[in-house]
Amino acid sequence: MIQARRVDKGTHEILRLYNPQVINGQQTTRTLADFGSKRASVLVRVIAIPRVGDGRASKFEELVSRIVQATNWQNEIAASDLCANDFEQVRLQREFRRLGYEYLRKRQSKAEIRRLFGIHRRFLFKREELAKTVAACELDPYFVREGTERLFEPDLYARIFDGRPAKTYLAMAHLGRLVRAGSRGRPEWGYARWVVINHAWRNLKHDVGSEPGRAKFMYICERKDQEKQLRPLEHFVLHTYRAASAFFRKTRGKGETALDVSTFFKKKDLDDRFEAFVESGSNPQRRKARSALKKFRETLREFEVA
């Protein structure tokens, strides 16, 4: 199915489409492109949806999503798929590309990604990864543990993809990847990851989420030869993971009612409780974490973009 702003019927039963977009049947389209044949034919439905310049972009995207949902009866459609053509998703893809990144707002295999873009993975971000990271930064990390598709439901989607600057999304995404890297090799820490990201963003939002620190942080993250500038931040993340482990052991409960690590980090309002623990005398990592955070802020402040 193809949606277009305007459709004109030309000669020889040829349709001329203006601003066309495939809204249903993208897998079929890609397959035809990969294994094309002059003898192949496919049935196409074209829908003309006039666009008016009165700022009602959200209404248009809502209508497209409803059409996709109503016509795709052979496949189950995930909430994230319905949001793929949302105005904010399209905006992010365009602005990321202007900044030298690729934002994958639709489902694509790793082979397709490598074939189409051919850029280093540090410059590629999937919609699911971005949604989880932003949710962990700005909301209760509990929502992330509810599942990826939950983040694309209307009540949370509007809070995650709220029109903030593309560079702020990227700062969160880079921070999220650094926190994820800090948990490698330690399965237990993986469950605490979203709480750690939340804590890191609370402490760094004003340092890396706005200028001039944001530009410096992105410059450092984009260049392998600048990774040493991130060492203090990596140490801060390490001490935060250790604090999260201590927090888990202290508050999980005892005996038969003690929670396992997976269940524990699924609890609501854990972010606020962890913040209170981090600042308390019960946190054995408090001094080291503060020292590492201070050193990173100094590093960022003194760093000059070449």
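Let me begin with Arg287, which sits in helix α15, residues 286-302. Helices here are DSSP runs of H or I with at least four residues, strands are runs of E with at least two, and both are numbered from the N terminus.

A word on the source. This is a predicted model, in which local features need pLDDT of at least 70 and side-chain atom pairs count only at pLDDT 80 or more, while totals for chains, interfaces and linings use all residues. Residues are numbered from 1 along each chain as its sequence is written, and side-chain values use heavy atoms, with hydrogens and water left out.

Arg287 counts as exposed because its relative accessibility is 65%. The cut-offs are under 20% relative accessible area for buried, over 50% for exposed, and partly exposed in between, with a 1.4 Å probe and protein chains only. Arg287 also belongs to a positive surface patch, together with Arg186, Arg242 and Lys288. Patch residues have over 30% relative accessible area and no salt bridge; like charges are joined within 9 Å, and nonpolar side chains (Val, Leu, Ile, Met, Phe, Trp, Tyr) within 5 Å. Lys and Arg count as positive, Asp and Glu as negative; His and the chain ends are not counted.

Lys295 is found in helix α15 as well. Lys295 is classed as exposed because its relative accessibility is 52%.

Next, helix α14, residues 270-278, where Glu275 is placed. Setting aside neighbours within four places in sequence, Glu275 has contacts with His199 and Arg202, contact being heavy atoms within 4.5 Å.

Now the backbone, in three loops.

Asp269 lies in the loop between α13 (261-264) and α14. Its phi is near 60 degrees, a positive value in a residue other than glycine. Asp269 is partly exposed because its relative accessibility is 47%.

Asn19 is in the loop between β3 (15-18) and β4 (21-22). Here phi is near 55 degrees, again positive in a residue other than glycine. Asn19 counts as exposed because its relative accessible area is 52%.

Last, Pro212, in the loop between α10 (187-208) and α11 (213-222). The peptide bond leading from Glu211 into Pro212 is cis, with omega near 5 degrees.

Note on methods. Areas by Shrake-Rupley, 256 points an atom, 1.4 Å probe, with all protein chains shown as cover. Salt bridge = Lys/Arg side-chain N within 4 Å of Asp/Glu carboxyl O. Charge placed at Lys NZ, Arg CZ, Asp CG, Glu CD.
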